[in-house]
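Me: I would like to go through this model term by term, asking each time what a word rests on. Please set each value against its definition before you conclude.

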Amino acid sequence: MLKNYKISEPFFEYGPKCYMYGETLVKMAKGLEKLAKKYKVDVVLDIPDTEIFNVAKHVDTRYVHVYSQHMDSIPVGRGMGRTLPEALKEAGAVGVMLNHAEHKLTIDEIKEAIKRADEVGLATMVCADSVEEVKQIAKLGPNILVAEPSELIGTGKPADKKYVDEVIKVIKKINKDIKPFPSAGISKGEDCYNIIKAGASASGCSSAIAKAKEPLKLAEEMISAVRRAYDERVNAKK
């Protein structure tokens, strides 16, 4: 876990996968920055490596946290066709996503990648597709743990409250410093609201926003729901 990494709660994650690139992605990033400031919700934007430098120089990284979508644990030197941690950092990334359902890693690979990310100063956001995998990855100490059942990704059907409650409890029992992020199947603001009200540190979306006719409009619906749910949750404890 990168000890000095700061991200405010609640936060929102948008992963455009490879739906967006170039000027379209820069425009989206700028729009997300405005929403982050408006609702006081930091945004994690995990993007293809080719887009990191261009996006990072166009946004205020205090509000938009630019992440890579993957990283290899290789050292400087040989490694044709692989992603070097130092290069991601130099390009402007502040973090990296690992073990997404579309780019699975072994537990040993995740362990080494987290170690290398910590060494170069990159935060880690690691995905897990089952409660058992959540337990295994939590023990490795990522900054953020995305608990998303792979069968729900892209379906528009979010995980139920029982699953959300279980993974948050499991994560906090193992390492209270990890930010729990139950996800998958998020398609509207209501889904984000429910996840945050259940106790999550964040909510997020990929395909639904990327394929929407008005991506920023849907992003605002979700980010505003995150803000509202978190405030209600905090106020309920007073």
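Me: Where does Ser206 lie?

Reply: Ser206 lies in the loop between β8 (202–205) and α8 (207–210), where helices (H or I, at least four residues) and strands (E, at least two) are DSSP runs numbered from the N terminus. The model is a predicted one, in which local features need pLDDT of at least 70 and side-chain atom pairs count only at pLDDT 80 or more, while totals for chains, interfaces and linings use all residues. Residues are numbered from 1 along each chain as its sequence is written, and side-chain values use heavy atoms, with hydrogens and water left out.

Me: Why is Ser206 called buried?

Reply: Buried means under 20% relative accessible area, exposed means over 50%, and partly exposed is what falls in between, with a 1.4 Å probe and protein chains only. Ser206 has a relative accessible area of 18%, and therefore counts as buried.

Me: Which residues does Ser206 touch, not counting those up to four places away in sequence?

Reply: With contact meaning heavy atoms within 4.5 Å, Ser206 touches Glu13, Tyr14, Gly15 and Lys17. Lys17 itself is in the loop between β1 and α1 (22–39).

Me: What makes the backbone of Lys17 worth a remark, and is its side buried or exposed?

Reply: Lys17 is not a glycine, yet has a positive phi of about 50 degrees. Its relative accessibility is 15%, so Lys17 counts as buried.

Me: What is the phi of Asn99, and why is Asn99 called buried?

Reply: Asn99, in the loop between β4 (95–98) and α4 (107–120), has a positive phi of about 65 degrees although it is not a glycine. The relative accessible area of Asn99 is 2%, so this residue is buried.

Me: How do you know that the peptide bond from Glu9 to Pro10 is cis?

Reply: The omega of the bond from Glu9 to Pro10 is near 0 degrees, and the bond is cis. Pro10 has its place in the segment before β1 (11–14).

Me: Why is Asp60 called buried?

Reply: Asp60 has a relative accessible area of 19%, and so it is buried. Its place is in the loop between α2 (52–56) and β3 (64–68), and, leaving aside neighbours within four places in sequence, Asp60 is in contact with Glu33 and Lys37.

Me: What makes the pairing of Asp60 and Arg62 a polar contact?

Reply: A polar contact is a pair of N or O atoms within 3.5 Å; within protein, one must be able to donate a hydrogen and the other to accept it, and residues adjacent in sequence count only if both atoms are side-chain atoms. The side chains of Asp60 and Arg62 are joined by such a contact, of 2.6 Å.

Me: Why is Tyr63 called partly exposed?

Reply: Tyr63 has a relative accessibility of 26%, and therefore counts as partly exposed. Tyr63 is found in the loop between α2 and β3, and its contacts, leaving aside neighbours within four places in sequence, are with Ala36, Lys37, Asp42 and Val43. The C-alpha atoms of Tyr63 and Val43 are separated by 6.2 Å, although the two are 20 residues apart along the chain.

Me: Is Val55 buried or exposed, and how do you know?

Reply: The relative accessibility of Val55 is 0%, so Val55 counts as buried. Val55 lies in helix α2 and touches Leu25, Val26, Ala29, Leu45, Ile47 and Val66, not counting residues up to four places away in sequence.

Me: Why is Lys135 called partly exposed?

Reply: At 34% relative accessibility, Lys135 counts as partly exposed. Lys135 lies in helix α5 (residues 131–138), and, leaving aside neighbours within four places in sequence, is in contact with Val170 and Ile174.

Me: How many helices and strands are there, and why is the protein called as compact as a globular protein of its length?

Reply: The protein has 9 helices and 8 strands. Its radius of gyration is 16 Å, close to the 18 Å that the globule rule gives for 238 residues, so the protein is as compact as a globular protein of that length; the radius is taken over C-alpha atoms, and the rule is 2.2 Å times the number of residues to the power 0.38.

Me: What share of the residues counts as buried?

Reply: Of the 238 residues of the protein, 55% count as buried.
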